[in-house]
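Please take a moment to look over the structure before reading on. The paragraphs that follow will lead you through it step by step.

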Amino acid sequence: MLYRRYGDLPALHGVFASLAAAAAGLVIATAIQMVAASIKRRLRPQHLVAVLTFVAVGVLRWPLLWVMVVVAPLGIAIAWWERK
Amino acid sequence: MKDDSGVYLALIAIFALCSVTAVGSATSTVPEMHRQVVDLHGWIGDRTFSELFAIAQAAPGPNVVFVALLGHYIAGVPGALIAITAMCVPSCTIAYCTARLIDRFRHARWRIVVQAGLVPITVGLVASSALVLARAADRGVATALITAGSFALCYWTRVNPLIALALAAVLGLTGVV
């Protein structure tokens with residue numbers, strides 16, 4: 001509520017802009033930690049699913065619903081095949 | 001901003017969809033929310049989106065606070081209530097109904113396989129969130145440097161992420177951005 005009222009004040013403009021930039025850095029750190037934790041030893045077919053999801057949702061900005069319809073069965077199929 | 005039932009219905013649709021399709025954490029829902037409220041509906045801009053996300057990160061409480069902030073910014077108090085309800089009810093219902101099922105099949109192969117199959121999707125979604133937020137927040141050299149600094153602090157040291165946000169706020173006050 002305060003943001004909606006005061007977010008446009010010039011003095012606070014920089015504060016919110018740099019907060020947003022820092023929050024983006026925080027999420028990048030989380031993402032890279034997750035990638036590192038999942039690769040750990042070696043690349044597996046499962047990682048293809050992560051890359052596909054990233055390209056479709058993050059880069060191409062496709063609707064999440066249609067991406068999930070494809071990657072969820074694919075991820076589960078690969079997990080099943082890996083554990084055979 | 002806008003206060004009509006059309007906006008409320010759209011909010012319900014958007015957040016309910018995010019609620020059931022985004023696997024993993026609240027952060028997984030960010031790309032789809034951004035696509036909907038910024039790109040498709042144009043209710044808010046990149047700047048507002050990224051700043052509301054930052055406020056939600058800095059505020060105490062769970063990260064779904066972001067959903068309430070988005071709803072409030074777009075359609076006031078009713079918007080906040082609608083957004084948080086639409087976000088929580090479907091996923092909580094699913095969680096409630098499947099918890100017993102999951103517990104019963106704790107050692108069943110299909111449960112382990114389904115869970116393992118969704119993990120890489122979560123990784124892809126969080127990476128997408130990082131890209132979407134960085135694109136929305138970084139509009140110049142100064143903001144890009146703050147993102148890089150915050151990343152370095154959070155990734156290579158064990159300090160509380162709130163310290164990175166606090167340092168950024170102080171930098172913002174000095175007027176470098």
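**Two helices from two chains**

In this predicted model, helix α3 of chain A (residues 46–59) packs against helix α5 of chain B (residues 109–137) at an angle of about 35°, and the axes of the two helices lie 7 Å apart. Both values are given because two packed helices are described by the angle between their axes and the distance between the axes. The crossing in which α3(A) passes α5(B) is right-handed.

Which residues of α3(A) and α5(B) make the contact? On the side of α3(A) they include Gln46(A), Val49(A), Ala50(A), Thr53(A) and Phe54(A), while α5(B) contributes, among them, Ala116(B), Gly117(B), Pro120(B), Ile121(B) and Arg135(B). Sorted by class, the residues in the contact of α3(A) with α5(B) are 12 nonpolar, 6 polar and 1 charged.

**The wider interface**

The size of an interface is often given as the accessible area lost when the parts come together. For chain A and chain B the buried area is about 5000 Å², and carbon and sulfur atoms give 74% of it.

Polar contacts, counted between residues that are both at pLDDT 80 or more, join 10 residue pairs between chain A and chain B.

**A charged pair between the chains**

Side chains of opposite charge can pair when their charged atoms come close. Over all chains of the structure, a search finds 5 salt bridges, and across the interface of chain A and chain B the rule finds 1. There, the side chains of Arg61(A) and Asp39(B) meet at 3.5 Å, N to O. Where do the two partners sit in their chains? Arg61(A) is in the loop between α3 and α4 of chain A, whereas Asp39(B) belongs to helix α2 (residues 30–40) of chain B.

**Chain B as a whole**

Finally, chain B itself has 7 helices and 0 strands, and its pattern, read along the sequence, is α-α-α-α-α-α-α. The C-alpha trace of chain B spans about 55 × 45 × 25 Å along its principal axes.

Terms used: Residues numbered from 1 in each chain as written. Chains lettered and ligands numbered in written order. Predicted model: local features only at pLDDT ≥ 70, side-chain atom pairs only at ≥ 80, totals over all residues. Heavy atoms only, no water. Axes fitted to C-alpha atoms, helices over the stretch in contact; angles between N-to-C directions. Helix = DSSP H or I, 4+ residues; strand = E, 2+ residues; numbered from the N terminus. Left-handed = near helix turned anticlockwise from the far one by under 90°. Contact = heavy atoms within 4.5 Å. Nonpolar A, V, L, I, M, F, W, Y, C, P; charged D, E, K, R; others polar. Buried area = accessible area lost by both parts, 1.4 Å probe. Salt bridge = Lys/Arg side-chain N within 4 Å of Asp/Glu carboxyl O. Polar contact = N/O pair within 3.5 Å; in protein donor to acceptor, adjacent residues only side chain to side chain.
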